[in-house]
Amino acid sequence: MENYIIDIQHLSKSFGDKKVLRDINIKVRKGEFVTLLGPSGCGKTTILRLIAGFLAPNEGTILLDGKDIGNLPPYQRPLNTVFQRYALFPHLDVYDNIAFGLKLKNVPQKDIDAKVRKVLRLVNMEDYEERDVDSLSGGQQQRVAIARALVNKPKVLLLDEPLAALDLKMRKDMQIELKEMHEKLGITFVYVTHDQEEALTLSDTIVVLNEGKIQQVGTPTDIYNEPVNSFVADFIGDSNILDGTMLCDRKVKFIDEEFDCVDEGFGENTPVEVVVRPEDVNIKKDKSKAQFFGTVTSCTFKGVYYQLFINTDKGYELMVQDYHKFEVGDRVGMQITPENIQVMHKERTCNSFKAVVVDSNHLEMLGGVFECCKTDIEPGTKVRAEVDFDKIDLMDHQDEGSAAGQVHSIIYKGNHYHLTILTDKRKHIFVNTNDVWDKRDLVGIRIEPKDIKIVEVNED
Amino acid sequence: MMKKFIAKAYIWLLLALLYAPLLFIAVFSFTESRVLGNWTGFSVKLYQNLFLAKMQGSATLLSALENTLLIAVIAAMLSTMLGTVAAIGIFNLKGRKRQTMNLLNSIPMVNPDIITGVSLFLLFVFLHISQGYVTVILAHVTFCTPYVVLSVMPRLSQMNPNIYEAAMDLGATPFQALVKVMVPMLRPGMVSGFMLSFTMSLDDFVVTFFTRGTIGLDTLSTYIYTDARKGGLTPELRPLMTLIFLIILILLVIINVRQAKTQKKKV
């Protein structure tokens with residue numbers, strides 16, 4: 001049995017009727033550097049605040065060293081937090097800010113002096129004891145905030161986007177220092193960030209979150225090389241996410257080409273999603289070794305490498321990184337090594353909605369009434385309706401459709417966009433389209449009557 | 001040139017009108033005449049009388065002064081405590097509730113004194129609370145507290161929202177966090193709320209008049225009112241007014257100079 005310092009089980013949290021966390025399970029080993037990574041609003045800060053005790057969970061338990069701390073107030077939890085905007089006490093100087101926690105615990109003055117001096121040395125802030133915290137730069141304030149937390153010797157240090165307010169150069173320096181501190185002290189770090197690069201650099205383990213759910217847990221290399229779904233692939237690093245078909249074990253077809261791969265057990269002719277990192281598409285000088293061909297449509301210098309967009313002969317667009325410069329219009333041959341093709345289960349193959357029959361040719365669903373093919377199902381019956389991704393039309397104006405929604409996320413799939421639309425009733429709809437939409441665009445949703453399939457009649 | 005002159009003259013005229021009554025009282029505090037407006041030669045006799053308490057009814061005047069100051073200090077302290085706590089509470093409310101509370105807080109401020117006074121009087125009678133010191137202080141706390149809430153609120157919105165949590169995170173109980181972190185940070189707002197309450201309590205007449213009961217409790221304002229009705233103001237009031245004005249002027253200058261200094265330090 002492994003020894004976990006933090007063990008979060010079935011944690012759920014709602015604000016009003018909005019569920020922000022659903023059934024979160026996280027285990028943290030002693031001394032580990034764990035990062036909670038996700039876009040804003042994914043619930044990562046909420047998890048941190050639940051651990052710190054500023055929020056109470058609706059369901060689930062948080063064990064610290066095997067003890068349930070769910071009912072302890074924050075001041076009785078042996079944890080300390082570094083806040084996003086430092087939250088230093090402006091009426092106290094650097095010394096008193098750091099000594100705050102020790103003084104509350106009635107530590108003798110002599111020990112406080114020694115401890116404060118030691119922790120100031122750790123964060124490279126000696127000789128700043130007397131300074132007003134308002135007179136410090138952002139980076140220095142963050143060091144004081146870290147020192148103020150570390151001086152209490154917490155079992156776990158919680159960090160809530162501690163570097164978000166710093167400029168790029170300072171952020172990079174602080175990343176290295178944080179990593180060194182973590183190695184030197186052996187304290188467990190739980191780190192929250194939306195910056196995937198920061199997460200990859202710092203962490204032992206990354207927990208990727210989206211919309212209140214854990215998407216994937218793994219080491220940085222696992223997460224980067226083997227994303228489990230298109231969200232993780234899209235969120236971490238640059239990637240080509242493509243629809244494909246698993247023909248049989250070790251053989252996958254995408255961008256209308258067949259490739260060897262290393263994945264097995266998907267079955268035959270199964271629809272899948274494929275991720276290929278841009279640096280894994282190799283441009284072959286020797287055209288006889290190429291698997292497929294395309295034409296360069298753009299080439300941008302990115303410092304170490306060039307970022308290319310290439311249209312394949314079969315009409316797919318790929319993002320490719322290469323150390324060599326190419327001219328727009330160059331024809332190139334490309335190859336992908338089997339190990340670098342990441343095959344993922346398709347989370348869904350078509351939309352499926354709960355609906356209610358209104359009359360012989362209308363259904364109520366998604367907060368609107370849709371025309372459908374003639375049905376002899378009794379009005380008022382609850383049914384399930386299925387609509388293919390590419391059979392949903394999005395309108396520029398919300399009132400042009402039978403229901404209204406907002407573009408929630410966009411993934412480019414080489415030759416089309418895969419959109420997630422959030423309807424006014426907070427239902428997700430998935431749409432494949434060739435039109436260009438932006439995030440948060442308001443859209444009307446229209447579906448041709450013949451494209452709505454009523455598949456299942458619920459008796460109750 | 002002419003334009004400038006008119007602009008300047010306008011300002012001076014305005015200031016003259018504002019300060020003429022004060023100046024008038026101050027000048028006539030240096031003459032012995034019983035009737036205000038008669039100059040009977042320079043004298044500091046009225047000041048001597050005031051300080052040596054050698055005048056008719058000096059005992060009641062001095063006790064009125066004492067009452068006024070005591071009531072103002074106690075009422076201002078209570079309002080500052082109540083108002084600060086209330087401000088923190090209101091600040092942590094969300095959306096509609098917070099708006100409602102802010103509205104409820106601002107109504108007593110626009111409410112005419114006479115209505116506050118009469119309604120408090122009726123309330124005390126209804127509750128059978130014998131009127132005197134306690135009711136006057138309660139009444140003053142009632143109309144001062146909203147001003148404290150109003151002067152503390154901006155400090156709260158300037159504050160980093162994580163500060164209170166940071167204190168608890170470092171091991172402070174909610175009470176310790178309040179005393180060691182919140183109060184020091186809100187102090188400037190609390191001080192101006194206290195000053196505001198103090199001055200408002202000091203010069204209140206209407207509310208005091210209705211809530212002081214019949215035990216003969218007098219503050220300066222009610223004393224002057226009764227005194228004037230008995231036939232002319234006691235002449236010693238003139239030096240007293242002058243002194244009060246001077247003390248407040250000096251206090252204001254000190255506060256302003258200190259503020260300017262701390263601002264300079266920040267820049």
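Q: Two residues are in contact if their C-beta atoms, placed from the backbone, lie within 7 Å. Leaving aside neighbours within four places in sequence, which residues is Ile283(A) in contact with?
A: Val320(A), Asp322(A), Val332(A) and Met334(A). Keep in mind that this is a predicted model, where local features need pLDDT of at least 70, side-chain atom pairs count only at pLDDT 80 or more, and totals for chains, interfaces and linings use all residues. Residues are numbered from 1 along each chain as its sequence is written, while chains are lettered from A and ligands numbered from 1 in the order in which they are written.

Q: Where is the place of Ile283(A), and why does Ile283(A) count as buried?
A: Helices (H or I, at least four residues) and strands (E, at least two) are DSSP runs, numbered from the N terminus. Ile283(A) belongs to strand β15 (residues 281-284) of chain A. Buried means 20 or more other C-beta atoms within 10 Å of a residue's own, exposed 12 or fewer, partly exposed in between. Ile283(A) counts as buried because it has 20 such neighbours inside 10 Å.

Q: Which residues of helix α2 (residues 94-104) of chain A are buried?
A: Val94(A), Asn97(A), Ile98(A), Ala99(A), Phe100(A), Gly101(A) and Leu102(A). Their cover includes α3 (109-122) and α4 (138-150) of chain A. Just after α2(A), look for Asn106(A), with a positive phi of about 60°.

Q: In what order do the 6 strands of the open sheet in chain A come?
A: Strands pair if DSSP finds at least two bridges between them. Here the order is β6-β7-β8-β3-β9-β10 (chain A), with mixed pairing. β6 (79-82) and β10 (213-218) of chain A are the edge strands; each has a single partner strand, so one side of each lacks a neighbour in the sheet. On average, neighbouring strands of this sheet are turned by 20° against each other, direction ignored.

Q: How many bridges join strand β3 (residues 33-37) to strand β9 (residues 205-210) of chain A?
A: 4, and the two strands run parallel. Thr35(A), for one, has Ile206(A) in β9(A) as its bridge partner. As for angles, axes are lines fitted to C-alpha atoms (for helices, over the stretch in contact), and values run from 0 to 180 degrees between N-to-C directions. α4(A) packs on the sheet, touching β6 and β7 (156-160) of chain A, and its direction makes about 175° with that of β6(A).

Q: What does chain B average in pLDDT?
A: pLDDT is the predictor's confidence in each residue, from 0 to 100. Chain B averages 87, and 96% of its residues score at least 70. Within chain B, confidence is lowest in helix α2 (residues 45-52), at a mean of 81, and highest in helix α7 (residues 163-169), at 93. The model scores ipTM 0.77 and pTM 0.78.
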